[in-house]
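Subject: Structure for your review

Dear colleague,

Please find below the structure that I am handing over to you.

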Amino acid sequence: MKYGRMFNFSAGPAMMPESVLEEIASEVMNYRGSGMSVMEMSHRSKVFESIRDQAEADLRTLMGIPDNYKVLFVQGGGTLQFAMVPMNLMKGGTACYVETGSWSKKAINEAKKFGKVEVAASSADRNFCYIPDCSDLSLPEDTDYIYICENETINGTTWPTLPNTKGHILAADQSSMFLSRPCRVEDYGLIWGGVQKNVGPAGMSIVIVREDLLRDDLPQYVPTYMNYKIHADNDSMYNTPNCWAIYCCGKVFRYLLDQGGLTAMEQRNQEKAKILYDFLDQSKMFHGTVDPAFRSVMNVPFSTGDKELDAQVVAATKAAGYDNLKGHRTVGGLRASIYNAMPREGVEALVQFLEKFEAEHR
Ligand SMILES: *Cc1c(COP(=O)(O)O)cnc(C)c1O
């Protein structure tokens, strides 16, 4: 790693590709002869408009987003989407949520403020270490939409196949897996992701929503900013957007295209995760905490089974240059987040370090 940078295993904000950071640094004083930084630029300027347009075009290419879907850049981070989704998709019926961990629980609690919510399936019985079978859910007739968190960042689970929605609208929080692998956008009514996990700087979410779900008849109380249609009708420029985040995300989209797109990323991410899971599966000290069929490729929670030893590992890894391996405060243990920007060498080096730690502490 250059510049004294660490292998940063944070769940988010997380690592960005080094070449992207270098490019941003080279443009920070004077963006391509405009005489100013993107941070200082009017969002209504031609220069910024072209940054925004290019970012959207590149994202559309990367994900193969069909023309009847809108791409929105919305401020407020992931948590705002927990409210925006029900505000925009509830139509007086039932919103069905699948409870798979910390982030879906938060989404459920928020949605309850706006209407009727049913938990259609849950993996709470085993501490969220798996994804429940959703091939034949019993869904009420008045189901407005089905909501999933497709990769639970804290619990480290991911959906191997999408739920059978029986024709209802699927809404998915993809925050911690956004752009980690190819995605069939047509299978969803709405996809959203907070960008600070796998893409760029915090404080923005990208929402991909099917056009026919945009509405003029939202309840009167819905704030203007929280109506997806307002963002769609104004190319995400109804008000001043998070220009800096859009610019940085655009750089990452371009980088991913240059790397071979999402198929190439999936291949690399699978390889990286395998290195870590293979180690955990043979270790006598460490073990993964998720049922193998549902293991996330992005967030790998693990533990020694001993709180004090876990804390020792966190301290030792940090001292050795591997940062942010402490598990989330709500679940404890350890967690390595290995998003797109984590190089394979980072995972290999971490595994070598853990092997050495295990040998020395047996
Ligand atoms: C981080 C995260 C969120 C919340 O994002 P904020 O920007 O912190 O509000 C929501 N869902 C998932 C899956 C996340 O990983």
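Predicted model: local features only at pLDDT ≥ 70, side-chain atom pairs only at ≥ 80, totals over all residues.

Residues are numbered from 1 along each chain as its sequence is written, and side-chain values use heavy atoms, with hydrogens and water left out.

Ligand site

The shell around the ligand holds 13 residues, of which Gly78, Thr79, Thr153, Asp173 and Lys197 come nearest; a residue is near if one of its heavy atoms lies within 4 Å of the molecule. By class, the shell divides into 4 nonpolar, 7 polar and 2 charged residues. Here Ala, Val, Leu, Ile, Met, Phe, Trp, Tyr, Cys and Pro count as nonpolar, Asp, Glu, Lys and Arg as charged, and the others, Gly among them, as polar. Helix H3 (residues 77-89) supplies the largest share of the shell, with 4 residues. Helices (H or I, at least four residues) and strands (E, at least two) are DSSP runs, numbered from the N terminus.

- Thr153 has a side-chain N or O atom 2.4 Å from an oxygen atom of the ligand.
- Gln196 has a side-chain N or O atom 2.8 Å from a ligand oxygen atom.
- Trp103 places a polar side-chain atom 3.5 Å from an oxygen atom of the ligand.

Taken alone, the ligand exposes 390 Å², and the protein buries 87% of that; these areas come from the Shrake-Rupley method with a 1.4 Å probe.

Buried residues

Met204, in strand S10 (residues 204-210), counts as buried because its relative accessibility is 0%. Buried means under 20% relative accessible area, exposed over 50%, and partly exposed in between (1.4 Å probe, protein chains only). Leaving aside neighbours within four places in sequence, the contacts of Met204 include Phe73, Val195, Gln196 and Ile246, where contact means heavy atoms within 4.5 Å.

Not counting residues up to four places away in sequence, Leu350 touches Phe9, Leu276, Thr317, Tyr322, Leu325 and Ala336. Leu350 and Ala336 are 14 residues apart in sequence and 9.3 Å apart from C-alpha to C-alpha.

Thr165 belongs to the loop between strand S7 (157-158) and strand S8 (170-173). At 14% relative accessibility, Thr165 is buried, and outside four places in sequence it is in contact with Leu139, Ile146 and Leu170.

Sheet

An open, antiparallel sheet of 3 strands runs in the order S11-S12-S14; two strands pair if DSSP finds at least two bridges between them. Strand S11 (287-288) and strand S14 (334-337) are the edge strands, each pairing on one side only. Strand S12 (residues 299-303) and S14 pair over 4 bridges, and Asn299 has Ser337 as its bridge partner in S14.

Backbone features

Most residues other than glycine have a negative phi, and most peptide bonds are trans. The bond from Gly12 to Pro13 is cis, with omega near -10°. Tyr3 has a positive phi of about 60° and is exposed, with a relative accessible area of 59%. Asn127 has a positive phi of about 55° and is exposed at 63% relative accessibility.

Kind regards

Terms used
Polar contact = N/O pair within 3.5 Å; in protein donor to acceptor, adjacent residues only side chain to side chain.
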